[in-house]
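Let's take a walk through this structure, one piece at a time. Have the sequence and the 3D view open as you read.

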Amino acid sequence: MLYYSNLKLTIKGQNMKKAVCIISGGMDSALSAKMAQIDGYDIIALHFNYGQRTEQKELESFRKIAEYLNAIEKYEIDLDFFKQIGASALIDDSLEVPTGGIEAGVPITYVPFRNGIFLSIATAIAEKHGAEAIYIGVVEEDSSGYPDCRDSYILAMQKAINLGTKDETKLEIKMPLVHMKKEEIVQKALKLGVPLEYTWSCYQNEDEACGVCDSCRLRLKGFEKAGKKDLIKYVE
């Protein structure tokens, strides 16, 4: 007769808690999802195609990151209505992406209430799978001034979500990067083995990063301050 003591199932998706991780394809969300994995969650990877200028490149990055994380489920959600709303240089071709440097205030690359919509859809997926958490890679202190990246907003959204779901649904929205600087994000990601060469940050280009949009500037600043080399290609 065989006896088993402290038997632990390691089959992917078995006897583990689950988290829905919103993964854009950028550095921040990739690190956030990796931290969810380290926290002991099976990863349900979630990505949104919403008509952004670099949609195909971001989708390619998402797929690589989801594979790296051994995600148990992958969702690629199309949100075509964002382009109909417009009002952001990321989705409206009549508006130019700023390249003159980061300025104070909410930039024209802000997509109206994007994270609120993303979190609502992530909640539906989390409730379907019985997940306990949603991970989102928002960064408040060193971001481009997006109002939907503030921790006060995310916490308010968490309260609303739990009021609007089944009684047995208890979701925590985790934002492990919210008070980190970009150089800290780079350092942490490299320490944890996150393949940052898979990620994409540029707002404008899909072949070679422009290096001058707000997102590229923040990324390059992070690598420079961390004393590390960014392995993605930039326009020379």
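This is a predicted model: local features need pLDDT of at least 70, side-chain atom pairs count only at pLDDT 80 or more; totals for chains, interfaces and linings use all residues.

Where is Asn70 found? Asn70 sits in the loop between H2 and S3. Asn70 has a positive phi of about 55 degrees, although it is not a glycine.

Ala87 is placed in the loop between helix H3 (81-85) and helix H4 (114-129). With a relative accessible area of 47%, Ala87 is partly exposed.

Now back to the elements on either side of Asn70, namely H2 and S3. Which residue of strand S3 pairs with Arg63 of helix H2? Glu76 forms a salt bridge with Arg63, and their closest N and O atoms are 2.8 Å apart. Glu76 lies in strand S3 (residues 73-78) and Arg63 in helix H2, so this pair ties together parts that are 13 residues apart in sequence. Both ends can be checked for accessibility: Glu76 is partly exposed at a relative accessible area of 32%, and Arg63 is partly exposed as well, at 40%.

How many salt bridges does the structure hold? The count is six. One of them joins the side chains of Glu60 and Lys57, at 3.4 Å from N to O. Glu60 and Lys57 are three residues apart in helix H2 (residues 55-68), which means they are separated by about one helical turn. Are the two partners buried or exposed? Glu60 counts as partly exposed, with 36% relative accessibility, whereas Lys57 counts as buried, at 18%. Lys57 gets that label because buried means under 20%.

Elsewhere in the chain, Lys174 forms a salt bridge with Glu172, the closest N and O atoms being 4.0 Å apart. Glu172 is partly exposed, with a relative accessible area of 41%.

Next, the helix packing. Two packed helices are described by the angle between their axes and the distance between the axes. Start with helix H1 (residues 27-38) and helix H6 (residues 182-191): they pack at an angle of about 50 degrees, and their axes are 10 Å apart. That angle makes H1 oblique to H6. The crossing of H1 and H6 is left-handed. On the H1 side, the contact is made by Met27, Asp28, Leu31 and Met35; on the H6 side, by Lys182, Ile185, Val186, Lys188 and Ala189. Sort the residues of this H1 and H6 contact by type and you get six nonpolar, no polar and three charged.

H6 has a further partner, helix H7 (residues 214-226). What angle do H6 and H7 make? Their axes cross at roughly 65 degrees and come within 7 Å. That makes H6 roughly perpendicular to H7, because the range for that label runs from 65 to 115 degrees. The crossing of H6 and H7 is right-handed. In this contact, Lys182, Glu183, Val186 and Gln187 of H6 meet Leu218, Gly222, Phe223, Lys225 and Ala226 of H7. The residues of the H6 and H7 contact divide into four nonpolar, two polar and three charged. If you compare the two lists, you'll find Lys182 and Val186 in the contact with H1 and also in the contact with H7.

For a last stop, head to helix H4, where Ile125 has its place. Ile125 is buried, with a relative accessible area of 7%. Leaving out residues up to four places away in sequence, Ile125 touches Val20, Ile44, Leu46 and Tyr75. What about Lys74, and how many residues separate it from Ile125 in sequence? The two are 51 residues apart in sequence, and 11 Å apart in space from C-alpha to C-alpha.

Conventions
Residues are numbered from 1 along each chain as its sequence is written. Side-chain values use heavy atoms; hydrogens and water are left out. Helices (H or I, at least four residues) and strands (E, at least two) are DSSP runs, numbered from the N terminus. Buried means under 20% relative accessible area, exposed over 50%, partly exposed in between (1.4 Å probe, protein chains only). Axes are lines fitted to C-alpha atoms, for helices over the stretch in contact, and angles run from 0 to 180 degrees between N-to-C directions. Angles under 35 degrees count as roughly parallel, over 145 as roughly antiparallel, 65 to 115 as roughly perpendicular and the rest as oblique. A crossing is left-handed if the near helix is turned anticlockwise from the far one by less than a right angle, and right-handed if clockwise. Contact means heavy atoms within 4.5 Å. Ala, Val, Leu, Ile, Met, Phe, Trp, Tyr, Cys and Pro count as nonpolar, Asp, Glu, Lys and Arg as charged, and the others, Gly among them, as polar.
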